[in-house]
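The sequence and the structure come first.

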Amino acid sequence: MPIQKLRKLDSDTGGVTIPKDDLRLEGLLEDGELVEGERVVVRRVDDGEWKVQRISDFPA
């Protein structure tokens, strides 16, 4: 399991990178570049645990 570094994006947010191999498995890369317009929801599910889910997969 690769370990990702938490990064400061601006004064109110932080970010974690998703490896390109994982994005490729989800069909989110075309010719090595991110597919335009994809959206995700990030939810905290427990202490120290978050879930990232594509909106197209998110229940209504």
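Which residue in β6 does Arg-43 stand opposite? In this predicted model, the residue that stands opposite Arg-43 is Lys-51 in β6. The two strands β5 and β6 pair in the antiparallel sense, and six bridges are found over this pairing. Two residues lie between the strands of the hairpin that β5 and β6 form, and Gly-48 takes a positive phi near 70 degrees there.

The strands β5 and β6 also take part in the lining of the largest pocket, to which each supplies at least two residues, as do β2 and α1. The volume of the largest pocket is about 900 Å³, and of the 24 residues that line this pocket, Val-16, Thr-17, Ile-18, Val-42 and Val-52 are the closest to its centre. The element that gives the most to the lining is β6, with five residues.

Asp-31 counts as exposed because its relative accessible area is 82%, where the cut-off for exposed is over 50%. Although Asp-31 and Gly-15 are 16 residues apart along the chain, a distance of 24 Å separates their C-alpha atoms.

Technical notes:
Residues numbered from 1 in each chain as written. Predicted model: local features only at pLDDT ≥ 70, side-chain atom pairs only at ≥ 80, totals over all residues. Heavy atoms only, no water. 1 Å grid on protein atoms, 1.4 Å probe; cavity = no way out; pocket = protein on both sides within 12 Å on 5 of 7 lines; lining within 4 Å. Points joined across faces, edges and corners; volume = space filled by probe spheres on them. Helix = DSSP H or I, 4+ residues; strand = E, 2+ residues; numbered from the N terminus. Buried < 20%, exposed > 50% of the residue type's maximum accessible area, 1.4 Å probe, protein only. Pairing = 2+ DSSP bridges.
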